[in-house]
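Student: I have a two-chain model open. Can we go through it by question and answer?

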Amino acid sequence: MTELRRPLRVQRPEPQVTPLTAPFWEATRAGLLALQRCTACGRFHHPPVPLCPECHSSSFEATPVSGRGTVYEYTVMRQARVMGFEDLVPYACLVVEIDEQPGVFVVGNLVDAPAADARVGMRVAVRFEPYGDEGLQLPQFAPAGAEES
Amino acid sequence: MVMPISNRVAVVGTGFSRIGRHLDASCGELAIEASRRAVEDAGLSFDDIDGISNYPNPSRLGAGNVDGVDLVTVNYMTRTAPLRNLRWSCSITQGTVSGSLVEAVHAVAAGACNYALVYRAMYSPPGAFGIADVRLATGDAQFTAPYGFSNTVMMWAVPYSRYMARYGATREELSTFIVGNRHNTTLNPDAVFHDQPIGRDDYMRSTMVADPLSMLDCDMAVDGCGALIVTTAERARDLPVTPAYVTGCASLGVGYDNAPVLTLDSFMNSARRLAGTVWENSGLGPTDVDSLNLYDGFSFFPMLWLEAFGFCGEGEGHEFIQDGRVALGGTHPLNTSGGALGMGRLHGTPQLIEGVRQVQGRCGPRQVEGCEIALVQAGSPLHGSGALVLSKHA
């Protein structure tokens, strides 16, 4: 009975890494943001796809990118509505368009700055934070340095 | 090209169940209640119904879905009504209730059935709507869920943030629509917020959930169901009701751009694709429409659909909703039922049913004078959406 009354220990979700997504996550161990790139037409895709929507090739290579980009859209979550993230509110989620290719977006939280600083058009650069017990790291985004603005 | 079945099928009956935050009735009971009202509204009985179409997606994700309790499948309805003479049934996973309605129109036109029942039953779960225990982030969610980015309000907040930044749209501008919509709601006795008008200040002070969306930008989860009856134009003329002829319809509108979340561009691309197909299938355009019924599960959606359907130019929706233009009595009366923001989270049935009733001329104090053509749209480019043009005259 005591077991049943113990509150659930909710953890932040772990990515279920598959062969398609493994190159992305493996690169994070070395602190690299590497995105799926079609070896036939050279286009980046994220999230990884099984078939290039541009040229229909299925030959890909995870390719490191600069980790720099511009906030395309964002939100600041102000309520404790997501399990495992209750203590973090308010937190900003950014949709970052990477410099290497328009229309390719990576999601991350805003770090090294208050959530309220998030803006569309803000220049950001990737940061990595350890995530889970497997040695993976989570790409996050911080305001880019002064040389960017 | 105008679709070959234009005006050969009509919506003839509509009905809502009781609607409330947490009702003392199962989702199945409410689905039966709404369906019986729709069937009787058309002058029919359940024994006449030989087709059924639904979008059953549950409002409680993960474990614990029970047919008839928190979702209502066509199987539940078939054995509970019961539908003894069923010849056609359909259950879709995209396009919400508008998709179910479009499928029923096609089935009736093809002769697969004569009288089809279409419904959408909603359950308001204890705790939060659509919550899933996502300790393992699978598929594309592995690129969002680890960031605490797995809440529906957040998903919709992002394209709205882009819209505001790109076009200089403000919450103040949107408040015009919100306040007017609640006024419409006071004219609709079926609406859950029937007796709760709000002012501009109420909206501006509303608690933020996920910037830029506040509580009053979100529809409220309710228990309730809306149902419609579809038949051929010939059969419709023998019924004791005014038919709402289906002049054009389409169900698609899923975004196909590859991104971790739905972007504004992806929303607009697929919305325009749906709008273009519906105008082509109907042979009509924005200047023909008397009654606009555009899905408003989140407050800013109608602005985007106004643009997609060509009622105004790209990026002009936030200006178009000013100056009483979309109010009852304006040139483009929008969501006279109060929509989902006023009636509760009924996933598009407020739009579909209001459009039918406007064409039938039975909306009482909120009737659009001389309404002959209604545009109804439900769903979103995330879940798929569909739209229909309904006409008073075949």
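Student: Which residue stands opposite Gly226(B) in S8(B)?

Tutor: The model is predicted, so keep that in mind. Strand S1 of chain B, residues 9-16, runs antiparallel to strand S8 of chain B, residues 224-232. Seven bridges join them. Opposite Gly226(B) stands Phe16(B).

Student: Which strands are the edge strands of the sheet in chain B?

Tutor: Nine strands form an open sheet in the order S3-S2-S4-S8-S1-S9-S12-S11-S10, with mixed pairing. An edge strand here pairs on one side only. That holds for S3(B), residues 88-91, and S10(B), residues 291-293.

Student: What does the twist average from one strand to the next?

Tutor: Take the open sheet of nine strands in chain B. From one strand to the next, the twist averages 25°.

Student: At about what angle does helix H12 of chain B run to S11(B)?

Tutor: H12(B) spans residues 349-360. The helix lies across S1, S4, S8, S9, S10, S11 and S12 of chain B. Its angle to S11(B) is about 175°.

Student: Which element gives the largest share of the side of chain B that touches chain A?

Tutor: The contact takes 35 residues from chain B and 36 from chain A. On the chain B side, S5, H4 and S6 give two or more residues. The largest share is seven residues, from H4(B).

Student: Which residue of chain A stands opposite Ala137(B)?

Tutor: Strand S1 of chain A, residues 14-15, pairs with S5(B). The sense is parallel, over two bridges. Opposite Ala137(B) stands Pro15(A).

Technical notes. Residues numbered from 1 in each chain as written. Chains lettered and ligands numbered in written order. Predicted model: local features only at pLDDT ≥ 70, side-chain atom pairs only at ≥ 80, totals over all residues. Contact = placed C-beta atoms within 7 Å. Helix = DSSP H or I, 4+ residues; strand = E, 2+ residues; numbered from the N terminus. Pairing = 2+ DSSP bridges. Axes fitted to C-alpha atoms, helices over the stretch in contact; angles between N-to-C directions.
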